[in-house]
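These are my notebook entries on a protein and its ligands. I set down what I looked up, one topic at a time.

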Amino acid sequence: MSTATPPVTPRAHVLVAVKELHVAKTRLSGVFDVADRTGLVLSMLRDTLSVVRDVDSVVGVTVVTPDPAVARLARSVGAHVYADPATPSAEVRTDGQGEHGLNAALAAAADHVRRSEQGVDVIALQADLPSLRSDEFGEALAAARIGGRSVVVDHHGTGTAALFSCDPSVPLDPRFGPGSAQRHLESGARPLHGHWPGLRTDVDTADDLDTARALGVGPATRAALDAATHIAASPGGNSSVTGAW
Ligand SMILES: Nc1nc2c(ncn2[C@@H]2O[C@H](COP(=O)(O)OP(=O)(O)OP(=O)(O)O)[C@@H](O)[C@H]2O)c(=O)[nH]1
Ligand SMILES: C=C(OP(=O)(O)O)C(=O)O
């Protein structure tokens, strides 16, 4: 009789945070009206979740949100919801603590997942990755599994597309917010190197949207963009024709 320990199959749980829709994607407010902006946020979330769920070894996805419409969408595609008590909106915070609510909610959700699913890898992934491909996320996850805490820096080189904790003894310790790449690296997260343009392209501005469109966006985002009324041109971007993306 063999006494060899069977290999442990890696399992991952992905956390995706979305704030209250009425204050989401404010940097796109000069481009889309509130209804179209809300539609785009939900559509990018739908595409991001759909890709992540296709990745082998992803055993769970949790959307961290105070927003009921976001929670409904999450449940409708089989994701869990971790209720984040609404904090004062980032746009009205003047104390430099606008991201405190986000990081506290992600850390609490990560602890909750780790208590419920022993030994699972935990990843905080941006919600606005309409060009994400499952092979990119799978490769990044494999690289993260070398161990500890690691980070995929976004396409601007300043933000964080994804933060991984692939060691149950290492807390996720999220430090999202403007300039978060540097904070994650300075706090010991290992940078993951790979050609993952879709994973790195989080969409906050009209120029980001142009970058994502050039890569190709998922079907929900495509439909939202087709349906949207483009209210202003992207300064410096390709979207100079009002009404056409
Ligand atoms: N659950 C939760 N999610 C948050 C919170 N703050 C930000 N987020 C989400 O975290 C991600 C990055 O946030 P931001 O860049 O601040 O917001 P954004 O809506 O992407 O864009 P802007 O409004 O233009 O800053 C987005 O998916 C947000 O919806 C929060 O307090 N709670
Ligand atoms: C909050 C972040 O993202 P965004 O680029 O959406 O501001 C971040 O990169 O930490």
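**Entry 1: Ligand 2**

I began with R27, which has a polar side-chain atom 3.3 Å from an oxygen atom of ligand 2. I took a polar contact to be a pair of N or O atoms within 3.5 Å; within protein, one must be able to donate a hydrogen and the other to accept it, and residues adjacent in sequence count only if both atoms are side-chain atoms. I noted that the model is predicted, that local features need pLDDT of at least 70 and side-chain atom pairs pLDDT 80 or more, while totals for chains, interfaces and linings use all residues. Residues are numbered from 1 along each chain as its sequence is written, chains are lettered from A and ligands numbered from 1 in the order in which they are written, and side-chain values use heavy atoms, with hydrogens and water left out.

I then found a polar side-chain atom of Q126 at 3.1 Å from an oxygen atom of ligand 2. At G177 a polar backbone atom lies 2.8 Å from an oxygen atom of ligand 2.

**Entry 2: Recorded positions**

I consulted UniProt, where an unreviewed entry places the feature "binding site" at T160, G177 and S180. Such annotations may be inferred rather than shown by experiment; the positions are in the numbering used here, and feature names are shortened. These residues spread over 21 residues of sequence, yet they cluster in space, with a largest C-alpha distance of 8.5 Å.

**Entry 3: Ligand 1**

Which atom of ligand 1 is 2.6 Å from an N or O atom in the side chain of D84? I found that it is a nitrogen atom. An N or O atom in the side chain of R27 is 2.8 Å from an oxygen atom of ligand 1. Taken alone, ligand 1 exposes 610 Å², of which the protein buries 88%.

**Entry 4: Confidence**

I recorded a mean pLDDT of 89 for the protein chain, with 85% of its residues at 70 or more; pLDDT is the predictor's confidence in each residue, from 0 to 100. Over residues 89-97 pLDDT stays under 50, and the model has eight contacts for them beyond four places in sequence (contact means heavy atoms within 4.5 Å). I also noted scores of ipTM 0.98 and pTM 0.91 for the model.

Terms used:
Accessible areas come from the Shrake-Rupley method with a 1.4 Å probe; for residues, only the protein chains shown count as cover.
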